[in-house]
Amino acid sequence: MLGALVVTALAVVGALLGGAGSARGAVPPTPTGWNLAWSDDFNGSAGTLPSSSNWQIDTGHGYPGGPANWGTGEIQNYTDSTGNLSLDGNGNLRITPLRDSAGNWTSGRIETKRGDFKAPAGGTLRIEGRIQMPNATGNEALGYWPAFWALGSPYRGNYWNWPAIGEFDIMENVNGINSVWGVLHCGVNPGGDCNETQGLGASRACPGSTCQSGFHTYRFEWDRSVTPNQLRWYVDDQLFHSLAQDRFSATTWANMTEHAGYFILLNVAMGGAFPDGVQGSATPTAATVPGRPMVVDYVAVWTRGGGSTDPTDPPAGSSRLSLRSGGGLGDAEAAASTVTLASAGGANHDGTPSSPQTFTASGITRTYDGGSTSFDLFVDAGTTVANGQQVRISYDRTGDGTWDRTETYNYFATDPVPGYEHYTQSTGLKSSTGSHGNLTNGKVRVEVWNAIGNGSSTVGTGNQSYVRIPFG
């Protein structure tokens, strides 16, 4: 009895410390000195999909127009089936690889709708999850590749700019080995500052219980409060990997840090290179056992310092302007919402706004920083085929009603699959007029419309779509 009491007490302590144990069903209290920016504790009814407000589900064998097999050689087909991806009713998300009678594998992969997770200037970003890896080892685990990671948001809508935009692998594992890997991908492929395609990584055994038999807390920190800036990886609060800014070229560091931020992913792949076949990666065999889920208790993002408590609620003077439901531009609203773009009616409005949704901000006094406009618009055309959304961004430097600088970007052809896609400046500038200069009581206008197609579209507003203007 005493032994049982000791074990129970240790389990409670482990749960409180974020190590092995049962699921808590709630995000832990915000650590002292930090501010909660975003979280999901996966509470919900058993057999349901994760929150559509927080997550988008990846399906198939790759992004539309992107590398085959997700660029890694993995063999599974990702689905939105609750057999592969569902809440369990006890505060957990389960991502479960399955194999059918023909030997085909399916699994689940999700990514946060938000793609702006970034360390505030002079502060620190903390991304954390409490996870139990698939409970399979030895031959039964061959081919299992669970991961908790983050990708630079410019990847969305491009899919060919990896690894320059950056990848933080917070937790990776392969073949049921009792180890967690933390890896950074960056620079150019092959070779470069991050030794691609292998990346710069480190690994260690999970403390206490194995990675497969219990929950452990995996954490990544991007620290901009110190010089040089630091990247750090932890398991159960134990540091096992770190990298400093001064080991990278200025270009490499800028490419992976000086963009809108990162989105977070959770998935269980089957097969593929991990990375580049150097860590004993293996394709599933007849001995591989399907149905062993990765179990996720929570995912949370905190920030500390830097004068901003939330990357989506920047301080006054920020260059990040969110599209607001009332037609304004400003700091992000707490609630996500949508606006509808009228159909192009089969006509071609490429380059010329037609019944646009318009968003404006006035009274802006800022100094031009020599950069360029960037944006990330959440757009969706549902099941409509051949729709394309377009954006024009205009600057009135003095607020006198004259648009001194106008930028029209190439339209973005949405796929006929329900679910937001990311329309960014990576589509390229179609045309521009005028020049930038300092804003003195100036005005910014964003117009979005359907350039082609026969159906309406929607644009996410509130804490979803934004424009970043090149002014300090």
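A disulfide, defined as a pair of cysteine sulfur atoms within 2.5 Å, joins Cys186 to Cys194 in this predicted model, with an S to S distance of 2.0 Å. The torsion about the S-S bond of Cys186 and Cys194 is about 95°, so this disulfide is right-handed. Cys186 counts as buried, at 0% relative accessibility, and Cys194 is likewise buried, with a relative accessible area of 0%; here buried means under 20% relative accessible area, exposed over 50%, and partly exposed in between, for a 1.4 Å probe and protein chains only. The sulfur atoms of Cys206 and Cys211 also form a disulfide and lie 2.0 Å apart, and the torsion about their S-S bond is about 100°, so that the bond is right-handed. Cys206 is buried with a relative accessible area of 5%, whereas the value for Cys211, also buried, is 0%.

Residues are numbered from 1 along each chain as its sequence is written. Because the model is predicted, local features need pLDDT of at least 70 and side-chain atom pairs count only at pLDDT 80 or more, while totals for chains, interfaces and linings use all residues, and side-chain values use heavy atoms, with hydrogens and water left out.

Helix α2 spans residues 250-257, and Thr252, Trp253, Met256 and Thr257 are buried within this helix; helices (H or I, at least four residues) and strands (E, at least two) are DSSP runs, numbered from the N terminus. Seen down the axis of α2, the buried residues fall within an arc of 110°, so they line one face of the helix, the arc being that of the directions from the helix axis to the C-beta atoms. The face turned away from this buried side carries the exposed residues Ala250 and Thr251. The buried residues of α2 pack against β12 (180-185), β14 (216-223), β15 (230-235) and β17 (262-270), where contact means heavy atoms within 4.5 Å.

The structure holds one cavity of 30 Å³ or more, a cavity being a set of points on a 1 Å grid over the protein atoms alone where a 1.4 Å probe fits but cannot get out. About 50 Å³ of space lies in the largest cavity, the volume being the space filled by probe spheres set on the points, which are joined across faces, edges and corners. Among the residues lining this cavity are Lys113, Arg114, Asp116, Arg320 and Asp376, lining residues being those with an atom within 4 Å of a point.

Terms used: 1 Å grid on protein atoms, 1.4 Å probe; cavity = no way out; pocket = protein on both sides within 12 Å on 5 of 7 lines; lining within 4 Å.
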